[in-house]
Amino acid sequence: MPPSDVLVRYGGNMPRYTSYPTAAQFDASVGAAEADAWLRAVPAGTPVSLYLHVPFCDMLCLFCGCNSSVVRDADLRAAYARLLIDELHRVAARLGAGRPVRHVQWGGGTPTTLPPESMRAVMETVHRLFAVEADAEIAIELDPRFLPDDYPPLLGALGFNRASLGVQDLDPAVQAASGRVQSLEQTEDCVRRVRAAGLRSVNVDLIYGLPYQTVDGAGDTALTVAEVLRPERLAVFGYAHVPWKQKRQALLPEAALPPPVERLAQRARIDEALRLSGYGAVGLDHYARPDDALCLAAAAGTLRRNFQGYTVDPAPVLVGVGASAISNFPQGMTQNVPANAFYARAMETMPDSLPAVRGVCRTGDDRLRGEVIERLMCDLQVDPAAIGARHGASTTWFDGAWPALRQAEKDGLVVLDGPVVRVTEKGRPFLRNIASVFDAHHVPAGVKRHAGAL
Ligand SMILES: C[S@@+](CC[C@H](N)C(=O)[O-])C[C@H]1O[C@@H](n2cnc3c(N)ncnc32)[C@H](O)[C@@H]1O
C-alpha cells in the first residue's frame, strides 16, 4: 500500500507515550500531598533517578515545544538555581539520607544558562544529599551556539559524562525559517570541547518536518552529522506543531511545513543515512552505535522509556526538580508548577511543601496497559496476554484491540505471530498509533489535541 493511503488511516494526533497514562490525563486532583506521600513510601535502598529542569534559553527557537523562556539576568538565573537546591533538600528530607542515584539528567531549556558557580552549587548539593554512584550517568542538554568557554571543563570536573546537543537541520533556509541559525563549525567546536573535557558520550538531536525542509536536505544533514560529528547517539524527532500550546510556533511559516507524506519520506531518508553510517535504530526515534548501551538494551529487551525519551535507566522512581518537572512513582505521576514565576512563588510561600500541582494516580489497569505500551515502544514487540497474566487480568483483557491490530496487519505495520504483536520496519514510524490501540484513555483526533503522529 502506498504511504499516502497508510497516512490517511494513521495520520491522527498521538501522544508520544513517554509515560502511561500520558500528561494529557494529569489534573489538579493529584499534587503536593501525593508527591509527599509517594516520596516517603519509596522503600529504603531503592535507587531513584533525578531530573533537573532549567527553563531558560539564550534565544528562543520558533519550533520549540518545551517549557523555556529567555532570561538574561544572571541574578535571576542564580535565584532559580537556589530554588533547585531548596527543592532538592525537600525531596531528600522525604526520601531519607543517602538515597542511591544512578542517573542525573539536566534538561530544559538550556541548563548551561545557569551561572557556573550556580551549576557547581546544585551539583554539590546533589552529591551531598544523595549517594550518586561512582559510574552514574550524569547528562546535560546544551545549545552549541551559547556554550561559554569555561563550561565544558566545569562539566567534566563535576562528573558529567553525557551531553545532548540540538542541531535539527543544517540547511540555512530551514535554519532561518526556524529561528535557529547554527553553523556546522559551531557544532563541531562544541563537540570537540565537551569531548576534550572528558564527556564520553555525545547525543545530537535532529528534527524532520520543519519549514522548507526537503527529503534531500534532511538526508544530507543526517549524513553530515554522522560522518563529521560522529555522535554516539542521535534522536530524530518529527516536528510537533502545537501552536495552540506554544504561541511562538505561530511565527513559523505554516504554508512551508512539509505535508505528512513528505515528512514520512524525510524520516525514511534520515533513517537510511544513519543506518548506512553504522547506527542502529532504537525504538521510535533514536539511533545509536551498535556497541552503545542503548542498542545493547534494545537487543536485550531491557530498554526503558521515560519523560526524556529512551533510556537504560531501570530506576522505579524518577524525581523531577524545577518548574514544570514531572516525577514518576509506581503509584502515579506528579508535575511541578509549570510557570517559573509561580514555581518560585510556590517554593517561597509554602516552605514545608513540595511544588507539585497536578498529576495522576495509576490504577491496576493503567499499570498493565503502561507495561504493554512501554514494551511495544521499546522492543517493537509485545505479548499482551503474557503481561496480562502477570497482572492477574483475564485472558480477554485486550479483545477490544483485535480489530485495530488486524487492520494494522493488513496495512503491513504489524505481524500477529500467535500471541505476539510484532511491529515491522514499515510500522516503526507508526509505533505511537500501534501503541494507542492499548491506551484506554486515548480519545480520537480533534477531541484532545496532540501533535500529528507524522
Ligand atoms: C529540550 S530541547 C533542548 C535543546 C537545547 N537546549 C538546544 O538548544 O540545543 C531538546 C530537543 O527537543 C527537540 N524539540 C524541541 N521542540 C520540538 C518540537 N516542537 N518538535 C519536535 N522536537 C522538538 C529538539 O530536537 C531539541 O533539540
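Reader: In which strand is Glu-137 found?

Author: Helices (H or I, at least four residues) and strands (E, at least two) are DSSP runs, numbered from the N terminus. Glu-137 is found in strand β5, residues 130-142. This is a predicted model, in which local features need pLDDT of at least 70, side-chain atom pairs count only at pLDDT 80 or more, and totals for chains, interfaces and linings use all residues. Residues are numbered from 1 along each chain as its sequence is written, and side-chain values use heavy atoms, with hydrogens and water left out.

Reader: Is Glu-137 buried or exposed?

Author: Buried means under 20% relative accessible area, exposed over 50%, and partly exposed in between (1.4 Å probe, protein chains only). Glu-137 has a relative accessible area of 12%, so it is buried.

Reader: Which residues is Glu-137 in contact with?

Author: Contact means heavy atoms within 4.5 Å. Leaving aside neighbours within four places in sequence, Glu-137 is in contact with Arg-102, His-103, Val-104, Asn-161 and Arg-162. A polar contact is a pair of N or O atoms within 3.5 Å; within protein, one must be able to donate a hydrogen and the other to accept it, and residues adjacent in sequence count only if both atoms are side-chain atoms. The side chains of Glu-137 and Arg-162 are joined by a polar contact of 3.2 Å.

Reader: Which residues of α4 are buried?

Author: In helix α4 (residues 116-129), the buried residues are Ser-118, Met-119, Val-122, Met-123, Thr-125, Val-126 and Leu-129. They cover an arc of only 150° around the axis, so they sit on the same side of α4; the arc is that of the directions from the helix axis to the C-beta atoms. Exposed Glu-117 and Arg-128 are carried on the face turned away from the buried side of α4. The cover over the buried residues of α4 includes β1 (48-54), α3 (74-95), β4 (99-108), β5 and α5 (151-157).

Reader: Where does Gln-308 lie?

Author: The loop between β11 (304-306) and β12 (309-311) holds Gln-308. Gln-308 has a relative accessible area of 29%, which means that it is partly exposed. Not counting residues up to four places away in sequence, Gln-308 touches Tyr-51, Gln-105 and Leu-318. Gln-308 and Tyr-51 are 257 residues apart in sequence, and 8.9 Å apart in space, C-alpha to C-alpha.

Terms used:
The expected span of a helix is 1.5 Å times one less than its number of residues.
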